[in-house]
Amino acid sequence: MPSAYPAALGRRLFTIPAVWLLFAIAVVLALPALVIAAAADLALRRRGSPTVRMVAFVLVALWIETTSEVRVLWSWITQPFVRVTWTERNHQLMRWWVKRLIGAAERVVGVRWRFDVPADLGPGPLLAFSQHVSIVDAVAPAYVLANRHGWYLRYTLTRGLRFGPCLDIVGHRIPNHFVARGSGDNTQELAHLRTLVTDMEVDECATIFPGGGLFTPAGLVRAVERLSERGAPQAVAAAGYRHVLPPRPGGVTAFFDGAPDANVIVVGHVGFEPLASIRKLWSVLPLTEPVDVKIWRYDRAEVPVGEDERMAWLYEKWRIMDDWIDDRLRARGADEAVAA
């Protein structure tokens with residue numbers, strides 16, 4: 001199934017040259033930038049060279065993007081001469097691109113992983129509802145489910161990510177949907193989401209971030225206030241959350257309706273919080289704590305049929321995830337206190 005939005009030639013005529021120009025500038029400025037960063041770390045007595053690591057990661061990210069674009073072009077040129085299907089090949093490209101990004105994050109930023117994932121997530125298809133605290137954690141379901149467990153993913157992504165040429169090009173070659181946030185009438189968007197999860201195979205998993213945005217404490221307060229103003233039955237449950245945004249019903253309902261037989265997984269993680277902003281990241285580099293990823297799996301038979309009942313069910317699973325996040329954060333705080 002192709003992406004709901006056609007490829008935008010005009011956008012790519014801008015983004016692809018822009019990335020290559022940035023890469024050329026980065027190559028020219030790499031040495032002086034690293035020297036200045038090292039001097040800043042020395043002057044500020046920052047252990048672990050966080051400024052050097054940030055500059056280095058920008059350079060590596062641009063290298064990955066530009067060289068990946070070459071491989072994406074090569075895949076198009078050589079497709080008539082390979083045996084795998086076009087869809088299969090682009091899933092391979094996406095996994096390869098994710099692996100490169102994860103590898104760079106591990107080597108430069110210090111990202112390490114700790115997984116609590118069922119050995120067997122099947123049978124599929126699956127609907128994955130994932131927590132969201134930073135742009136970076138959007139790759140977590142892809143890394144865990146696709147790279148480590150071999151699932152084929154259908155992703156719900158924000159349209160702003162189309163300004164990354166590799167994600168834009170390959171993301172439109174395979175089933176994904178780039179959501180337009182903030183639109184007044186979301187009827188068409190929800191129809192696209194229902195279509196996205198329709199007719200999935202047993203080895204496919206559709207991923208969505210039900211909170212509708214990145215978690216912040218202020219965002220949680222606003223979300224609870226909106227639920228209370230509307231008299232939503234989930235307002236009381238949402239008021240008890242500490243680390244997750246309450247699931248929005250639109251996308252969740254579209255997923256459940258579009259894939260009535262799909263089983264469900266909930267993806268939670270702890271450790272991406274410092275990656276929510278450049279300032280936070282600079283203050284903690286290199287990362288000393290691993291990223292904890294936990295997946296809860298639920299048979300579809302457990303999910304109620306009615307929309308309100310389904311949302312109440314998901315809100316309860318969200319509470320379980322919120323409690324787990326809180327426990328992990330408290331344990332990390334205790335470990336830091338002991339170390340100090």
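**View 1. R71 on helix α2 of a predicted model.** In this predicted model, R71 is found in helix α2, and with a relative accessibility of 39% R71 counts as partly exposed, because that value falls between the limits of 20% for buried and 50% for exposed residues. If residues up to four places away in sequence are not counted, R71 touches L93 and W96. The C-alpha atoms of R71 and L93 are 8.4 Å apart in space, although 22 residues separate R71 and L93 in sequence.

View 2. H243 lies in the loop between α8, which covers residues 235–239, and α9, which covers residues 249–258. The relative accessible area of H243 is 16%, so H243 is buried, the limit for this class being under 20%. The side chain of H243 makes a polar contact with the side chain of D326, at 2.7 Å. D326 is also one of the residues that H243 touches beyond four places in sequence, and the others are Q131, F215, D322, I325 and L329.

**View 3. Helix α5 and the elements around it.** Helix α5, which runs over residues 165–173, is mostly covered, since nine of its nine residues are buried.

**View 4. V267 in strand β6.** V267 has its place in strand β6, which is formed by residues 263–270, and at 2% relative accessibility V267 counts as buried. Leaving aside neighbours within four places in sequence, V267 is in contact with F129, S130 and Q131, with V293, K294 and I295, and with M321. The C-alpha atoms of V267 and L126 are separated by 12 Å, while V267 and L126 are 141 residues apart along the chain.

View 5. Most peptide bonds are trans. Here, however, the peptide bond from G122 to P123 is cis, with omega near 0°, and a cis peptide bond also joins G124 and P125, where omega is about 0°. P123 is found in the loop between β1 (113–116) and β2 (126–130), and P125 has its place in the loop between β1 and β2 as well.

View 6. Most residues other than glycine have a negative phi. S49, which lies in the loop between α1 and α2, has a positive phi near 50°, and S49 is partly exposed with a relative accessible area of 34%. D199, which is found in the loop between α6 (187–197) and β5 (204–208), has a positive phi near 60°, and its relative accessible area of 66% makes D199 exposed.

**View 7. The whole protein chain, for orientation.** The secondary structure of the protein chain comes to eleven helices and seven strands, and buried residues make up 48% of its 340 residues. Of the contacts with a separation of 6 or more, 79% are between residues 24 or more positions apart.

Definitions and conventions
Residues numbered from 1 in each chain as written. Predicted model: local features only at pLDDT ≥ 70, side-chain atom pairs only at ≥ 80, totals over all residues. Heavy atoms only, no water. Helix = DSSP H or I, 4+ residues; strand = E, 2+ residues; numbered from the N terminus. Buried < 20%, exposed > 50% of the residue type's maximum accessible area, 1.4 Å probe, protein only. Contact = heavy atoms within 4.5 Å. Polar contact = N/O pair within 3.5 Å; in protein donor to acceptor, adjacent residues only side chain to side chain.
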